[in-house]
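Please work through each task with the structure at hand before reading its solution.

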Amino acid sequence: MAHNQTVEKFVSSIGITLDRFIAQKQADFSYAKGELSQLLRDIALAAKIINKEIMRSGLIDIEGSAGDTNVQGEEQQKLDVVANVRYIRALTKGGEVCAIVSEEEEDMIDTGNHNAKYIVSMDPLDGSSNIDVNMPIGTIFSVYRRKTPVGTPPTLEDALQKGNEQVAAGYVLYGSSNILVYTTGKGVNGFTYDHSIGEFILSHVNIQTPKDGSIFSYNEGNVNDLADGFKTYIADCRSKKMSARYVGSLVADFHRNMLKGGVFFYPATGKSPNGKLRLLHECNALAFIIEQAGGKSTDGKQRTLETQPTSLHQRVPLIIGSANMVDKIVDLIK
Ligand code: AHM
Ligand code: MG
């Protein structure tokens, strides 16, 4: 009987579209009037469009360098630029966002929707080096409520909020299948895109990450630069014959580790003394998600979500994943 009830619950959950799920969950928030729900739908719409473009990327002139660099001096790929434009347009036209902070834009974008309550920080296309070679890539987003009064222009105060102020966060993984995973602070759910009907369908209900895992993910090319504690940790993983897995697309590495149990780290290196990954565009969203899934995220000294941002494109070291694995690394690098 108990088994049947479990099966019934599981079976009835599958088939719920993202739109319907978002609408159902709106009731969890007494303050919600539908704007956040609409905002999430706007992101999902842009994700569908980007996905379509990625799927055709060998056929249309959308691969390769755009011939420019972004604010961090990194070469922009055409798809970086396309995704940036798509998301900015979807969020601006959607009307629920007063400002957008994008990895691809030097300054915060004032959308002109000064009556909107929310601000979004995002990496429109993460894993740029994998675009041209049919490897998984992703989109990462964080949603905050603005600090400044509704009806006024947004300011940097709205953008530079700690991760623990996020009201929602998520990512889209354009991989062997296309999945959108998000949280509003009440668990983590994943929605797989069904191309035949053009809908994201609930497929991963209330994701929890194992406390321990057997996957460790880092860029092996940086190993000589790492602090001794990391080297000790890596030696321990090797001695236990654990699996080293590193796609080089954070969303893909994160998603695999969250589902299977594992740890990802991108610490300080000679080239990137604060690590490579960006607090506002990449780390905060994933930190919120992993904590909701029962895991941990830290820079080695403090929780990622407690870090006070001081600039839009700030980088932080990231150690993220299964709780016991993160704890062990933190202990070793003390
Ligand atoms: P990007 O936002 O320019 O794509 O850079 C972020 C990516 C992450 O997806 C990935 O984890 C990391 O950079 C890989 O960096 P590296 O090639 O140094 O290992
Ligand atoms: Mg990125």
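**Exercise 1.** Determine how the shell around ligand 1 divides by residue class.

*Solution.* The model is a predicted one. Begin with the shell itself: 17 residues surround ligand 1. Sorting them by class gives 7 charged, 5 polar and 5 nonpolar residues. Among the surrounding residues, D126, N219, Y246, L250 and Y266 are the closest.

**Exercise 2.** Identify which residues place N or O atoms by an oxygen atom of ligand 1.

*Solution.* Take the side chains, then the backbone. A polar side-chain atom of Y246 is 2.5 Å from a ligand 1 oxygen. For Y266, a side-chain N or O atom lies 2.6 Å from an oxygen atom of ligand 1. L250 contributes through its backbone, with an N or O atom 2.7 Å from a ligand oxygen. Ligand 1 alone exposes 470 Å², of which the protein buries 87%.

**Exercise 3.** Locate ligand 1 relative to the pockets and domains.

*Solution.* Ligand 1 takes up the space of the largest pocket. Two elements, β5 (118–126) and β13 (262–266), each give two or more residues to the shell. Domain 1 (14–204) and domain 2 (215–333) both supply shell residues, so ligand 1 lies between them.

Technical notes: Residues are numbered from 1 along each chain as its sequence is written. Chains are lettered from A and ligands numbered from 1 in the order in which they are written. This is a predicted model: local features need pLDDT of at least 70, side-chain atom pairs count only at pLDDT 80 or more; totals for chains, interfaces and linings use all residues. Side-chain values use heavy atoms; hydrogens and water are left out. A residue is near a molecule or strand if one of its heavy atoms lies within 4 Å of it. A polar contact is a pair of N or O atoms within 3.5 Å; within protein, one must be able to donate a hydrogen and the other to accept it, and residues adjacent in sequence count only if both atoms are side-chain atoms. Accessible areas come from the Shrake-Rupley method with a 1.4 Å probe; for residues, only the protein chains shown count as cover. On a 1 Å grid over the protein atoms alone, a cavity is a set of points where a 1.4 Å probe fits but cannot get out, and a pocket is an open set with protein on both sides within 12 Å along at least five of seven lines; lining residues have an atom within 4 Å of a point. A molecule sits in a cavity or pocket if more than half of its atoms lie within 2 Å of its grid points. Helices (H or I, at least four residues) and strands (E, at least two) are DSSP runs, numbered from the N terminus. Ala, Val, Leu, Ile, Met, Phe, Trp, Tyr, Cys and Pro count as nonpolar, Asp, Glu, Lys and Arg as charged, and the others, Gly among them, as polar. Domain bounds come from an automatic or database domain assignment.
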